Amino acid sequence: MSAVAARLFCLPYSGASAMVYARWRRALPSWLAVHPVELPGRGARAGEPLSTDPVRLTASLAAEVESLIDGPYALFGHSLGGLLAFELAHALLERGAAPPLVLFASGSEAPAMRDDRDLARPRSDDELIADLRGYHGTPEEALADAELMAVVLPVLRADFMMAGAYAYRPRPALPCPVHVLAGTRDDLDRPALEAWGRETCGGFAIDLFEGGHFFIHARQAEVLGVVDAALSRRLNGGPAATLQ
């Protein structure tokens with residue numbers, strides 16, 4: 001396949017911008033067009049107010065994404081992005097869009113298993129820096145950079161509050177496959193990952209990667225290999241994958 005056969009819309013994790021997926025455009029085959037989804041208040045949308053309402057945000061994103069859908073597409077989200085990708089899939093279906101080829105939920109427990117109410121209150125800078133340090137994904141020199149933290153922490157604070165505001169709403173199972181990716185050393189237990197299977201009637205798979213919460217960077221080639229293979233199978237009429 002040389003022409004664009006499918007589009008992959010990628011949602012970032014808490015505190016991040018769409019730039020975390022910039023390298024994927026070069027690393028994935030040319031038939032798959034990568035569309036990093038920028039959230040308000042960061043990157044190219046830095047002048048817009050940050051959002052703390054996941055339902056309102058995904059309804060807005062659905063209108064933007066739908067305008068770009070011109071054929072097969074898939075959704076990918078890591079951590080908070082996985083939750084937003086799930087809500088975006090439902091919002092797109094409610095707008096009459098075709099279902100995605102695959103919903104990739106990475107580093108994220110199933111929506112029905114989440115209980116992030118403790119994140120609903122605004123966290124202090126010190127608490128946020130401690131959280132970043134605990135995820136082992138931010139170098140110490142970055143945490144000590146006051147100018148950088150002045151940019152990152154307000155975004156992270158709003159994203160944590162958005163996670164804390166999330167309330168699971170039971171709905172009909174998604175008609176597309178759900179493919180879960182997780183790190184072997186991440187703080188997510190197997191039942192919280194397997195519970196994603198109850199959100200789909202279109203097939204379910206789990207792939208584990210060596211690493212912690214940010215395995216998508218440390219194991220980028222392996223992650224993209226799984227994404228490529230799953231979408232290739234779907235485009236050829238096969239299943240996304242089988243449960244691992």
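Trainee: Which residues have the most contacts inside the largest nonpolar core?

Mentor: This is a predicted model: local features need pLDDT of at least 70, side-chain atom pairs count only at pLDDT 80 or more, and totals for chains, interfaces and linings use all residues. Residues are numbered from 1 along each chain as its sequence is written, and side-chain values use heavy atoms, leaving out hydrogens and water. A nonpolar core joins buried Ala, Val, Leu, Ile, Met, Phe, Trp, Tyr and Cys residues through side-chain atoms within 4.5 Å; buried means under 20% relative accessible area, exposed over 50%, partly exposed in between (1.4 Å probe, protein chains only). The largest core has 46 residues, and those with the most contacts are Leu-75, Leu-88, Leu-92, Leu-103, Val-180 and Trp-196.

Trainee: Which element gives the most to this core?

Mentor: Elements are DSSP runs numbered from the N terminus: helices (H or I, at least four residues) and strands (E, at least two). With 9 residues, the top contributor is α3.

Trainee: How many residues apart in sequence are Trp-24 and Phe-76?

Mentor: Rings of Phe, Tyr and Trp (its six-membered ring) pair if their centres lie within 6.5 Å; planes under 30 degrees apart are stacked, over 60 edge-to-face, the rest tilted. The whole structure holds 8 such pairs. Trp-24 and Phe-76 sit 4.9 Å centre to centre with 75° between planes, so they are edge-to-face. Trp-24 is in helix α1 and Phe-76 in strand β3, so the pair ties together parts separated by 52 residues.

Trainee: What kind of pair do Phe-86 and Trp-196 form?

Mentor: Phe-86 belongs to helix α3, and Trp-196 to the loop between α7 and β6, 110 residues apart. Phe-86 is buried at 1% relative accessibility, and Trp-196 is buried at 0%. Their centres are 5.8 Å apart and their planes at 80°, so the pair is edge-to-face.

Trainee: At which residue does α6 bend?

Mentor: The bend is the angle between axes fitted to the seven residues ending at a residue and the seven starting there. In α6 the angle is about 30°. Pro-154 follows within four residues of the bend, which is at Val-152.

Trainee: Which residues does Leu-92 touch?

Mentor: Contact means heavy atoms within 4.5 Å. Not counting residues up to four places away in sequence, Leu-92 touches Ala-62, Val-65, Glu-66, Ile-69, Tyr-73, Leu-75 and Ala-97.
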